[in-house]
Amino acid sequence: RRYNDRSDEYGGSLQNRTRFLRELIEDTRDAVGDTCAVAVRLAIDELLGDEGITSQGEGHDILAMLAELPDLWDVNISNWSNDSATARFQQEGYQQAYVGFVKSLTTKPVVAVGRYTSPESMLSVVRKGIADMVGAARPSIADPFLPQKIQEKRFEDIRECIGCNICASADELGVPIRCTQNPTMGEEWRRNWHPERIMLLKNPKKVQVVGAGPAGLECGRALGQRGCQVVIVEAKREPGGRVSLESKLTGLNEWRRVVDWRMTQIEKMENVTIYPNSPMRSDKVLEAGFRDVIVATGAHWRTDGVGRNLGYPIPGCGLPHVFSPDDLMNGRLPSGNVAVYDDDHYYMGSVLAEFLAQMGCRVTLITPAPLVAYWSRFTLEQEKVQRKLMRMGVELITQHLVTKIFPDSIVISNVISSEISHQPAGAVVLVSDRIPNDGLYNSLKPALEDGRLDSLCVIGDAEAPNIIAQAVFSGHLAAREFGEDQLDRAPFCIEYVEV
């Protein structure tokens, strides 16, 4: 209704406004005959209340009018940010409440979606009579062999989607698709990577991987698949690196699957062993006797505020009431009036602001970007982030830099006008850049040069801090290329088309 202002037979009443869709379906059926089925996807709720189509109102009535016309109904909610909501804001099967009525109106098969990732929840949808089939786009990106693994009852081998929407960000940015869980996504043709199979090494080696974060676990797992004898050593008691810490934050618990799936696969491998509580120095690495070493020691958050917009430390960053994300994730917490300075622009600043607000802190989120969690607009969740923070009472200050920190306040500067103002703050959390933990790698370089090591490489955040998807990809790439001669072939296939 909010768009259609026609006064002819295609406007006005719901029956008239539905006429065009009806004619499209009928004409399509006439054109294709019995050569193929005609499926219709209909968003039956726009989540706009009375201003839009709703599952209790016009969405219900539209489907009732057209119930028997298509051969199959594919029903969902809109817009894309709602249909493909992230795990941070919606749990598995969140669209059931909107589409549950559809099968009562039609005898035709119904497909439902809602980021179903587990066989149990998929089966539940069918058994409850909500749908006949489950559409699994993002879960099939994470694991292209999802149906086969269900059929073979290999449920523990399913690489479940974590709902981060890194896949959606590629579409928004116009770049090749990628996936946090599945590092082969988008590389099946370009690099000839099969999602499940990796060629065995002709001469498998013994390899030590230092660090059991997302890069180290994926590298060790893939090397094991290639036939190597792999030892993964981890300084902390719990494997997982940054994923283990970040998945404990509000809304990110499903990210834990990045670790859990890899640990499950490694536990099945007799040739891959993990040793936690094993901090390593260069001398210990060399004493272990491995000739091939891969360093995946991660990164740590800066404590000086240097980030996307500031290339120098913020004066006052060394004061005791200044915190980093690592401090908060490891239990060192501020209280009272807290300013969160987000010069990272993805999820961390807003997640920590939400966490502190839940603890009872009075939180102000400050960012140089024009929107809070600016990069999360590519993962379809920026508006949800900002709306939630506003509802929680978090004060939002955009387009401002933090330029100085005092014991009880901060100085902020407008990035457009350079106007200076003061903001009260009893504690400050700096979310800016991360620094590679590459000390071990650098200390091992002489051993490579003098022949005590045959190979040495650094992967993941220890090489270049990035998103988790890139860390997983880096580990997988290192395992694929290990022991292979890369000089005689292109890094990936290029298709040349004659015009």
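Where is D304 found? I looked this up first, in a model that is predicted. D304 is in the loop that runs between β9 (299–301) and β10 (322–323).

**Entry: D304**

I then listed what D304 touches, leaving out neighbours within four places in sequence: Y312, P313, I314, C317 and L430. A polar atom of the D304 side chain lies 3.2 Å from the backbone nitrogen of V306.

**Entry: the chain as a whole**

I stepped back to the overall counts. I find 17 helices and 19 strands in the chain. Taken along the principal axes, the C-alpha atoms fill a box of roughly 80 × 65 × 50 Å. The chain has 499 residues, and 51% of them count as buried. I also looked at contacts with a separation of 6 or more: 70% of them come from residues 24 or more positions apart.

I turned to strand β2 (residues 72–77) and asked how many of its residues are buried. The count is six of the six, so β2 is largely enclosed by the rest of the structure. I went through the two faces separately. L72, D74 and N76 are buried on one side, and W73, V75 and I77 are buried on the other, so that both faces are covered.

Next I traced the partners of β2. Strand β1 (residues 39–45) pairs with β2 in the parallel sense over six bridges. Within that pairing, I noted L42 with V75 of β2 as its bridge partner. β2 is also joined to strand β3 (residues 110–112), by three bridges and again in parallel. Here W73 has V110 in β3 as its bridge partner.

Which handedness does the unit of β1, α2 and β2 have? I read this β-α-β unit, with helix α2 at residues 58–66, as right-handed.

I then looked at α2 itself. Its buried residues are E58, G59, I62, L63 and L66. Viewed down the helix axis, these fall within an arc of 135 degrees, so they line one face of α2. I checked what the buried residues of α2 pack against, and found α1 (14–32), β1 and β2.

**Entry: the five-stranded sheet**

I followed the strand order in the sheet that contains β10. The order is β10-β17-β11-β12-β13, the sheet is open, and the pairing is parallel. β10 and β13 (395–398) stand at the edges with a single partner strand each, so one side of each has no neighbour in the sheet. I looked at one pairing inside this sheet in detail: strand β11 (residues 337–342) and strand β17 (residues 427–431) run parallel and are joined by five bridges. In that pairing V338 stands opposite A427 of β17.

**Entry: the three-stranded sheet**

I did likewise for the sheet containing β14. Three strands form an open sheet in the order β14-β15-β16, with antiparallel pairing. The edges are held by β14 (400–405) and β16 (420–424); each has a single partner strand, so one side of each is left without a neighbour in the sheet. β14 is joined to strand β15 (residues 409–414) by five bridges, and the two run antiparallel. H400 stands opposite N414 in β15.

**Entry: R434**

My last stop was R434, which is found in strand β18 (residues 434–436). Is R434 buried or exposed? Its relative accessibility is 12%, so R434 counts as buried, with the cut-off at under 20%.

I wrote down the contacts of R434, not counting residues up to four places away in sequence. They are R242, A299, H300, W301, R302, D461, P465 and N466. The side chains of R434 and D461 are joined by a polar contact of 2.8 Å. A polar atom of the R434 side chain also lies 2.5 Å from the backbone oxygen of N466.

I took one C-alpha to C-alpha distance as well: R434 and S244 are 17 Å apart in space and 190 residues apart in sequence.

Terms used:
Residues are numbered from 1 along each chain as its sequence is written. Side-chain values use heavy atoms; hydrogens and water are left out. Helices (H or I, at least four residues) and strands (E, at least two) are DSSP runs, numbered from the N terminus. A polar contact is a pair of N or O atoms within 3.5 Å; within protein, one must be able to donate a hydrogen and the other to accept it, and residues adjacent in sequence count only if both atoms are side-chain atoms. Contact means heavy atoms within 4.5 Å. Two strands pair if DSSP finds at least two bridges between them. Buried means under 20% relative accessible area, exposed over 50%, partly exposed in between (1.4 Å probe, protein chains only). A crossover is right-handed if, with the strands pointing away from the viewer, the path from the first strand over the helix to the second runs clockwise. The arc is that of the directions from the helix axis to the C-beta atoms.
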